[in-house]
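Visitor: Please put the model up, and then take me through its helices, domains and ligand surroundings.

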Amino acid sequence: MERIPTVPRAEELKDRAFRRASKIEVKKGSAVPDTRKKINSVIDYVGGRLNKVVKSFPTFENLHPFYRELFDLMFGIDNARQSLGAVQWAKDNVQSLGPQARQRLKKGDDPDTVRKMVYGRISSIVDKVADDLLFLDDIRNVMKKTPELDMEAPTLVICGYPNVGKSTLLRRLTRAEPEVAHYPFTTKEIHIGHLRIGKIRIQIMDTPGLFDRAVDEMNPIERQGIAALRHIADAALVIMDPTETSGFEWESQLSLLDMISGTFDLPKVIVENKSDHELYRTRMEGSVRFSALSATDDEVDELVSTIEELMSSGPNWAVKPPSTARGRAPRARDK
Ligand SMILES: Nc1nc2c(ncn2[C@@H]2O[C@H](COP(=O)(O)OP(=O)(O)OP(=O)(O)O)[C@@H](O)[C@H]2O)c(=O)[nH]1
Ligand SMILES: [Mg+2]
């Protein structure tokens, strides 16, 4: 989501800074001003890069509650703040070396001794925040991978036990290409696809698998789905696997459905998936019989109509001043 520039590693930062400064020659007749230039070059470079790191991260308080919760689960916002604080400290300390060095040069200290002192101090300051820089770069990668959401668009969250076909369904309904595999826990982060229903563009979110357990017993990966249900879902699509080929018993899947119904006051559609499978039998009334793997276009259209019926009375179901939709004929499915 965020376009945060790469966070430099400590070694890279020092190498570059010292290499750049090494190009500044210290001549015999002008040792003091030349050394000052060298020192300033290192301080400006390191201070500038560190400052850019601090400034390029978003203010976490200003993020939408969904992102706040998501990032808290993924890396811990307090940890991120601490590392940003450490980098800010490093930047301030590096920059404070400028006046110190100038004073010593003015006093007549040996230029080379002053330069070595500054280089040594900068090295040790940057080394102190080496782990923070690595951590912030990891965070940057997490944030970059997090899909950009339209908080005002109607949003359907697909949830259910692991391995029941959530990602397969998202692929079938939209152009999104989340990974699909025949083992549980394939999806470890949320994925977004878009589906056009008439003039409305809805967001469909694929989430990591959930187990039937209390939210506070869930691991951070499962909780991403809970955060989505809590903060941005206008409706939920709960997928069940009556074949149990996912590896999970029907009874457990039912308990999860109960938990979701009891915890979130959301309109729901329940899909009994894998209808193409030889072990398939419908076990519930009022559910949609479906095969995410081999549904025909007509069957997909029917599911889309059910989704429309479910969501069209919601508050976000309104035609927005179009930026992408204009000039394009509305279609039943955005495929
Ligand atoms: N026969 C059959 N297999 C299906 C169907 N839908 C999904 N599968 C298979 O079930 C397995 C799991 O599918 P995924 O879409 O990865 O399941 P998921 O719910 O996203 O799984 P996690 O991300 O691990 O929670 C894959 O091998 C799919 O091919 C279906 O309608 N019929
Ligand atoms: Mg998946």
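Guide: A definition comes first: angles under 35 degrees count as roughly parallel, over 145 as roughly antiparallel, 65 to 115 as roughly perpendicular and the rest as oblique. Axes are lines fitted to C-alpha atoms, for helices over the stretch in contact, and angles run from 0 to 180 degrees between N-to-C directions. Helices (H or I, at least four residues) and strands (E, at least two) are DSSP runs, numbered from the N terminus. This is a predicted model, in which local features need pLDDT of at least 70 and side-chain atom pairs count only at pLDDT 80 or more, while totals for chains, interfaces and linings use all residues. Residues are numbered from 1 along each chain as its sequence is written, and chains are lettered from A and ligands numbered from 1 in the order in which they are written.

Visitor: Are α2 and α5 roughly parallel or roughly antiparallel to each other?

Guide: Helix α2 (residues 31–56) packs on α5 with the axes 9 Å apart. The angle between them is about 5 degrees. The two helices, α2 and α5, are therefore roughly parallel.

Visitor: How do the residues of the contact of α2 with α5 divide by class?

Guide: Two residues are in contact if their C-beta atoms, placed from the backbone, lie within 7 Å. On the α2 side the contact includes Val32, Ile39 and Val46, and on the α5 side Val114, Tyr119 and Ile122 are among the residues. For the classes, Ala, Val, Leu, Ile, Met, Phe, Trp, Tyr, Cys and Pro count as nonpolar, Asp, Glu, Lys and Arg as charged, and the others, Gly among them, as polar. The contact of α2 with α5 divides into 11 nonpolar, one polar and two charged residues.

Visitor: And are α4 and α5 roughly parallel or roughly antiparallel?

Guide: Helix α4 (residues 77–107) and helix α5 (residues 111–128) have axes that come within 10 Å. These axes cross at roughly 170 degrees. Helices α4 and α5 are therefore roughly antiparallel.

Visitor: How many residues of each class does the contact of α4 with α5 have?

Guide: From α4 the contact takes residues including Ala90, Leu97 and Arg104, and from α5 residues including Val118, Ile125 and Lys128. By class, this contact of α4 with α5 has three charged, one polar and 11 nonpolar residues.

Visitor: Is Met117 buried, exposed or partly exposed?

Guide: Met117 belongs to helix α5. A residue is buried if 20 or more other C-beta atoms lie within 10 Å of its own, exposed if 12 or fewer, and partly exposed in between, with C-beta atoms placed from the backbone. Met117 has 16 such atoms and is therefore partly exposed.

Visitor: How far apart are the C-alpha centres of domain 1 and domain 2?

Guide: The bounds, 10–145 for domain 1 and 155–311 for domain 2, come from an automatic or database domain assignment. Between the C-alpha centres of domain 1 and domain 2 the distance is 46 Å.

Visitor: Which helix gives the largest share of the side of domain 1 that touches domain 2?

Guide: Seven residues of domain 1 are in contact with eight residues of domain 2. On the domain 1 side, six residues, the largest share, come from residues 65–74, which is helix α3.

Visitor: Is Pro65 buried or exposed?

Guide: Pro65 sits in helix α3. Its C-alpha atom is 9.8 Å from that of Arg230, which is 165 residues away in sequence. With 12 other C-beta atoms within 10 Å, Pro65 is exposed.

Visitor: Which residues come nearest to ligand 1?

Guide: A residue is near a molecule or strand if its C-beta atom, placed from the backbone, lies within 6 Å of it. The shell around ligand 1 divides into nine nonpolar, 11 polar and three charged residues. Of the 23 residues around ligand 1, the nearest are Gly165, Ser167, His182, Thr187 and Gly209.

Visitor: Is Asn163 buried or exposed?

Guide: Asn163 lies in the loop between β1 (155–160) and α7 (166–173). It has a positive phi of about 70 degrees although it is not a glycine. With 21 other C-beta atoms within 10 Å, Asn163 is buried.

Visitor: Which residues is Trp250 in contact with, leaving aside its neighbours within four places in sequence?

Guide: Trp250 is part of helix α9, and with 16 other C-beta atoms within 10 Å it is partly exposed. Leaving aside its neighbours within four places in sequence, Trp250 is in contact with Pro242, Glu244 and Arg283.
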